[in-house]
Amino acid sequence: MAVRDLIIVGGGPTGLSTAIAAKSRGLDYQVVEQGVLVNSIFHFPPQMVFFTTPELLEIGGIPFVSPYEKPTRDEALRYYRKIVDKFDLQIAFEETVLDVSREETGEGGVFALETRSSAGVRRVRHARFVVLAIGYYDHPVKLGVPGEDLPHVSHYYGEPHPYYRRRVVIVGGGNSAAEAALEMYRAGAHVTLVHRHAELKSTIKYWVRPDIENRIKEGSIAARFSARVTEIRPTTVVVRGPDGEEELPADAVFLLTGYRADCELMRRAGVRLNERTAPVHDPDTFETNVPGLFVAGGAIAGVDTGTIFIENGRFHGDKVVEAIARNFRL
């Protein structure tokens, strides 16, 4: 049985920075990524612009050079490809980790990670240590209402063009909902924004907020505040607000209500979660209650996803690998 020193679950910026740190320490590591490189960034809208400046997305000491104050999605994809090539990082793509368990061996315990490739091939990988750098973008928050799984309903927004002259209902009050509403409105869609609170979230990008507020004020984008979706039907969305129940026409529905890390994978691995569904861990080493199992990046956020970004998650890997290296006395 081949046993690596470390398996890193997740090939996003946090996982990559952990891999760089592991390689610099001489650890035998492997990154396992369920999708493509920096899968979450890849699935952002193609025209997306980051909120932060380029240097705050840097990992491995490699400069992120951009002609813009705020880098684009395409620039970020190019940068992280450059990082992988520069450090020759070992990554298995399109391989989903289904389960993490602890096995006792003659030389002590090791972790067994059951995985499945995109082609359906199953295997078990073994390592002395595991880092869950799984992020949260792959697991949308569900509303739990009838019709949520209809084909015209999505938890992800891509491009506005397909919605020209179509009736679109967007559920959410954060940055993703605001940007999607503006882009589809400008592409000729008839947009209605539904948000459960009385006003939009304070986390909306500062250059987006006045734009969306003005479009709502002038009526270019319709809005229903303090309203909740109770049902999604093939051509309408039923919402309940201060004035009672209303049925909104909808050719397409976007439920942009946030995302969470894979809590079930962590629970199955034996990791305790707190009341905010965040994994219990040592804040200095990021080790969980399961010895040898670490969390990093968005995996530690629980429901408070607004607290972890690339800007701070990129430093977690160094601390994790430092703690692991102490076990090997490196």
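Modeller: Two strands count as paired if DSSP finds at least two bridges between them. Strands (E, at least two residues) and helices (H or I, at least four) are DSSP runs, numbered from the N terminus. The model is predicted, with local features needing pLDDT of at least 70 and side-chain atom pairs pLDDT 80 or more, while totals for chains, interfaces and linings use all residues. Residues are numbered from 1 along each chain as its sequence is written, and side-chain values use heavy atoms, without hydrogens and water.

Biologist: Through how many residues does a hairpin join S11 to S12?

Modeller: S11 (residues 228-232) and S12 (residues 236-241) pair in the antiparallel sense over four bridges. Within this pair, Arg228 stands opposite Arg240 of S12. The number of residues through which the hairpin joins S11 to S12 is three.

Biologist: Which strands are the edge strands of the open sheet of five strands?

Modeller: The sheet runs in the order S7-S14-S8-S9-S10, with parallel pairing. An edge strand here pairs on one side only. That applies to S7 (153-154) and S10 (222-224).

Biologist: Which residue in S14 is the bridge partner of Val153?

Modeller: S7 pairs with S14 (residues 252-255) in the parallel sense, over two bridges. In S14, the partner of Val153 is Val253.

Biologist: What angle does the direction of H4 make with that of S8?

Modeller: H4 packs on the sheet and touches S8 (167-171), S9 (190-194) and S14, contact meaning heavy atoms within 4.5 Å. Axes are lines fitted to C-alpha atoms, for helices over the stretch in contact, and angles run from 0 to 180 degrees between N-to-C directions. Between H4 and S8 the angle is about 170 degrees.

Biologist: Is H4 parallel, antiparallel, perpendicular or oblique to H5?

Modeller: The axes of H4 (residues 175-186) and H5 (residues 209-218) come within 10 Å and cross at roughly 55 degrees. Angles under 35 degrees count as roughly parallel, over 145 as roughly antiparallel, 65 to 115 as roughly perpendicular, and the rest as oblique. H4 is therefore oblique.

Biologist: How many residues of the contact of H4 with H5 are charged?

Modeller: Ala178, Ala181, Leu182, Tyr185 and Arg186 of H4 meet Asp211, Ile212, Arg215 and Glu218 of H5. Ala, Val, Leu, Ile, Met, Phe, Trp, Tyr, Cys and Pro count as nonpolar, Asp, Glu, Lys and Arg as charged, and the others, Gly among them, as polar. Five are nonpolar and none polar, and the charged ones number four.
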